[in-house]
Amino acid sequence: MKISADWLNTPASIAVMQMLERARKQAYFVGGCVRNALLDQPVNDLDIATNAPPQEVLKIARDAGFKAIPTGLEHGTITVIHGNTAFEITTYRRDVETDGRRAVVAFADTITEDAQRRDFTMNALYADARGQVFDPLGGLPDLLAQRVRFIGDATQRIAEDHLRILRFFRFYAWYGDPKNGLDAEGLAACASGAPGVAALSKERIGAEMRKLLSARDPAPATAAMAQSGVLLHVLPGADTRALPVLVHLEQQHNFPVHWLRRLLVLGGEDVQKNLRLSNSEAKTLDASRRIMEAGIPPAKAGYLFGQEPAQNAALAMAALLSNDISLQDIAEIKRGARAEFPVSARDLMPEFTGKKLGDRLKELQKEWFNSGLTAGKDKLLD
Ligand code: ATP
Ligand code: MG
């Protein structure tokens, strides 16, 4: 089996692989880039596995004139930068002992050992510089059958690192087969390990949920998280029932995926804190919530909060009520988002000044809202 992908044949990829080969080291692309190339899907980042120890990778890269940064020396990772491409080069590893969150690592000599410490069989695929695929653990059949399966004993792998629970659901959302459901052994292990999620940092939980909810259809994975008791530790109070309805509406009307819209429909307590949302994410989510709670009409919502939050609110509302989405509402939101209030302070001066001016402007804006954002300046000043 061979992969062919744009990223494999860029000057940067060729140069970085050659650099290791010339130093007589083994080097393989590994993980997401190989998996996604086999699926003909876009790739997020390029990871390389090598038998060279990290200090040596650093030296080889710098001697070859590349920028190299020891980004994760304790687990063997050096980031090598060529042009504007970054390569994470990690020395073959095996996990030797664990403290429940992070495995203590030792370096290894073969990709078979390196593969054992990875999470899922579909993530333990390797490819050499020519695109030849190496599959030490039988991940390829799983990938093609869309089976997300833990490497080794699921319960033990989760005990080593509880982040793997969230990764299990995330990879299922992206690469699993909704017809076959989740791997039963993995799901059972996630259910028993669920309380361990509470010990993960909110940043990591948030980052995983962001990726999970960005899948084309995260509903089956999210429902499984709820049923197995994992969601409770991620986002207490969340309710997954309207999510499939939302996804259906999005697909029917060709709305691009927006993870905050999915989050909006899930609800839950202290979302900003529990998922460490950025201020701008929290603001977008909050705006949609306010539109929904106050029942702000579409054009006004678009004007006050912008197109994205208003559109998310309209879609979420429709999903929660199991209604179809009104395309007229969407058009109104767009109109509102572009609209400009036609009266300025200048138009009211010198008749009005100070507080009276402010009050008058507010009054006129209210009239403008009542007109559905249609009244012009003359009409309002009349
Ligand atoms: P993405 O497309 O999201 O980047 P990815 O498979 O590349 O997917 P990364 O998080 O970038 O995922 O990790 C790179 C590889 O490292 C994975 O494919 C997997 O082999 C391994 N890996 C990452 N996190 C873990 C973990 N918590 N436990 C075991 N292996 C892991
Ligand atoms: Mg990756």
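Predicted model: local features only at pLDDT ≥ 70, side-chain atom pairs only at ≥ 80, totals over all residues.

Started with the helices around the ligand. Helix H2 (32–38) and helix H7 (163–175) each put at least two residues into the shell around ligand 1.

Next I asked which residues come nearest to ligand 1. The shell has 15 residues, and Arg35, Asn44, Asp161, Arg164 and Arg170 are the nearest of them. Sorted by class, I get ten charged residues, four polar ones and one nonpolar one around ligand 1.

Then I went through some polar contacts. Glycine 32 has a backbone N or O atom 3.3 Å from an oxygen atom of ligand 1. Aspartate 45 uses its side chain: a polar atom there is 3.4 Å from an oxygen of ligand 1. At aspartate 119 I found a polar backbone atom, 3.2 Å from a nitrogen atom of ligand 1. As for cover, ligand 1 would expose 580 Å² on its own, and the protein buries 83% of that.

Where does ligand 1 sit? I found ligand 1 in the largest pocket. Why does ligand 1 lie between domain 1 and domain 2? Because domain 1 (1–144) and domain 2 (150–230) both contribute residues to the shell around ligand 1.

Last, the backbone check. I located glutamine 146 in the loop between helix H5 (139–144) and helix H6 (154–160).

I also noted a cis peptide bond between methionine 349 and proline 350, with omega at about 5°. Proline 350 belongs to the loop that runs between helix H19 (345–348) and helix H20 (354–370).

Notes. Residues numbered from 1 in each chain as written. Chains lettered and ligands numbered in written order. Heavy atoms only, no water. Near = heavy atom within 4 Å. Polar contact = N/O pair within 3.5 Å; in protein donor to acceptor, adjacent residues only side chain to side chain. Areas by Shrake-Rupley, 256 points an atom, 1.4 Å probe, with all protein chains shown as cover. 1 Å grid on protein atoms, 1.4 Å probe; cavity = no way out; pocket = protein on both sides within 12 Å on 5 of 7 lines; lining within 4 Å. Sits in = over half its atoms within 2 Å of the grid points. Helix = DSSP H or I, 4+ residues; strand = E, 2+ residues; numbered from the N terminus. Nonpolar A, V, L, I, M, F, W, Y, C, P; charged D, E, K, R; others polar. Domains from an automatic or database assignment.
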